[in-house]
Amino acid sequence: MEQVLNYIQGDLRPALGQGWLDGHAPADGSVFAHIADSGAEDVDLAVKAATSALTGWIAMGRQGRHDALMHVAALVERDLELFAQAESRDNGKPVSLAREVDIPRAISNLRFFATAILHWSSEAHITDDVAVNYTDRQPVGVVGCISPWNLPLYLFTWKIAPALAAGCTVVAKPSEITPYTTHLLAERCIEAGFPPGVLNIVQGMGGKVGAAITAHPGIPAISFTGGTATGARIATTAAPMFKKLSLELGGKNAVLVFSDCDFERMVAETVRSSFSNQGQICLCGSRILVERSMYERFRETFVARVQKLRVGDPADASTDIGAVVSEAHMQKVLGHIELAKEEGGRILCGGERVELDGALAEGWYLAPTVIEGLGPACRTNQEEIFGPVVTIQPFDSEEEAVAMANGTVYGLASVVWTSDGSRMHRVARQLKSGIVWVNCWMLRDLRTPFGGMKQSGVGREGGEEALRFFTEAKNICIKI
Ligand code: TXE
């Protein structure tokens with residue numbers, strides 16, 4: 001049995017309490033690893049290590065931190081195939097996706113922020129002939145980074161890279177459901193001679209490790225990605241302690257399809273935005289709104305394409321849809337499909353578990369599911385499902401489409417398909433979401449602000465936004 005250990009003060013070690021959790025392979029339901037089941041005492045050890053490493057890490061300067069991060073990135077790139085296989089086994093995603101998206105983007109995150117810190121500068125404000133003000137941005141200190149299971153190494157590095165580049169030291173917690181590649185990362189940090197204590201990874205349950213990070217008085221800032229309910233719990237603990245908080249939470253993203261769009265491109269991308277990573281990306285479009293004049297054509301073409309997607313072994317290069325992340329999550333998604341039926345939804349395709357043969361018979365597979373016949377206010381169109389399930393709804397006017405898109409408690413991302421240049425801007429500006437993609441999806445530039453409105457989150461990640469989050473701005477005013 002493989003072991004997923006804590007990485008504290010530069011060493012790999014089991015939890016102080018010696019407890020272990022099971023690590024499952026969604027492809028076949030087997031247990032392949034034991035994960036350190038850590039607690040508050042392990043977090044405390046990690047905070048002590050991070051606190052003593054802080055001064056030395058800052059003293060290494062931007063160039064030193066850049067070099068250290070680039071070294072780790074190079075080792076991950078050297079072992080890209082190993083990381084991709086491991087991510088696929090732990091998460092159930094097709095290995096092709098891990099190879100083409102997850103791991104390359106994790107490497108890009110490390111390199112992007114390692115380089116960004118070299119170019120980053122701060123402001124000066126000249127107060128007439130009276131004074132000079134300049135903004136000094138110093139690292140916040142020891143920060144907590146808590147990440148989810150859907151894009152394990154990708155979202156983990158999205159947080160730790162800017163924190164480390166900015167000069168913070170880190171106590172990080174990956175999801176207990178998909179921790180394996182962070183263990184591999186820790187091994188690469190050791191190989192690279194990364195300074196001990198600068199990055200600490202504490203494995204284990206959210207309610208224990210995550211809660212201990214959130215409540216620890218030695219951690220003044222928390223960056224979290226995960227469910228909205230967990231985000232609310234973290235905010236409840238952190239707010240009275242006046243911690244800085246960055247929360248990237250759930251979504252119920254709308255795709256607005258206008259009849260003047262490029263139909264072929266739109267359908268191909270909408271299949272992708274619906275079902276990539278088994279629909280387990282916070283940016284997936286789960287409510288597809290289609291202008292009525294194109295609705296029938298869209299439905300026929302879209303459903304036919306979705307039915308062609310191959311659900312199968314994540315290790316197989318021809319697989320489009322792998323396994324969902326856990327049995328509990330599969331049951332949750334199936335529960336949402338039952339609810340949709342009770343609400344009067346018609347299942348146009350999918351709607352059930354897929355049972356594969358042989359060694360994969362116990363795996364957690366779901367058929368990509370398209371549902372129609374539900375209004376915007378029902379629970380199916382309001383609650384995040386986070387699986388391979390989308391609804392389609394017709395609309396009659398631009399105003400109605402915008403109102404439907406904005407009509408949930410979430411506001412993470414939206415997608416607009418149109419060829420009308422004026423409409424692109426008009427609609428994009430009215431949508432209440434932190435990200436609007438026009439005629440594309442998941443096209444990412446790491447310099448752009450990333451995050452959600454309403455219950456999709458607080459704060460922004462990405463580029464300078466992330467570097468600002470991990471630093472405290474101090475204005476220094478000098479009288480001339
Ligand atoms: O998230 P959780 P899960 C959404 C999606 C999904 C739901 C649950 O709707 O179905 O969240 O997913 C840690 N204090 N998203 O179970 O529980 C936990 O261990 C501190 C959206 O993964 O929020 C993990 O490391 N931390 C999303 C991380 O929080 C706690 C991506 C996320 O876990 C904690 C994934 C606590 N009390 C899921 N409880 C997105 N927006 O990208 C748990 N954790």
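Residues are numbered from 1 along each chain as its sequence is written, and side-chain values use heavy atoms, with hydrogens and water left out. Because the model is predicted, local features need pLDDT of at least 70 and side-chain atom pairs count only at pLDDT 80 or more, while totals for chains, interfaces and linings use all residues.

User: What separation do the centres of domain 1 and domain 2 have, taken over C-alpha atoms?
Analyst: The bounds come from an automatic or database domain assignment, which gives domain 1 as 2-249 + 456-479 and domain 2 as 253-445. Taken over C-alpha atoms, the centres of these domains are separated by 30 Å.

User: How much area do domain 1 and domain 2 bury between them?
Analyst: Contact means heavy atoms within 4.5 Å, and 27 residues of domain 1 are in contact with 28 residues of domain 2. Buried area is the accessible area (1.4 Å probe) that two parts lose on being put together, summed over both. Of the area buried between the two domains, 59% is on carbon and sulfur atoms, and the total is about 2,100 Å².

User: Which residues have the most contacts inside the largest nonpolar core?
Analyst: A nonpolar core is a set of buried Ala, Val, Leu, Ile, Met, Phe, Trp, Tyr and Cys residues joined through side-chain atoms within 4.5 Å, where buried means under 20% relative accessible area, exposed over 50% and partly exposed in between (1.4 Å probe, protein chains only). The largest such core has 104 residues, and those with the most contacts inside it are Phe194, Leu199 and Leu283.

User: Where does this core lie, and why?
Analyst: Domain 1 and domain 2 both give residues to this core. The core therefore lies between domain 1 and domain 2.

User: Is phenylalanine 242 buried or exposed?
Analyst: Helices (H or I, at least four residues) and strands (E, at least two) are DSSP runs, numbered from the N terminus, and phenylalanine 242 lies in the loop between helix H8 (228-238) and strand S12 (244-248). Phenylalanine 242 has a positive phi of about 55° although it is not a glycine. With a relative accessibility of 75%, phenylalanine 242 counts as exposed.

User: Is phenylalanine 386 buried or exposed?
Analyst: Phenylalanine 386 is in the loop between strand S18 (369-372) and strand S19 (389-395), and its phi is positive, near 60°, in a residue other than glycine. Its relative accessible area is 16%, so phenylalanine 386 is buried.
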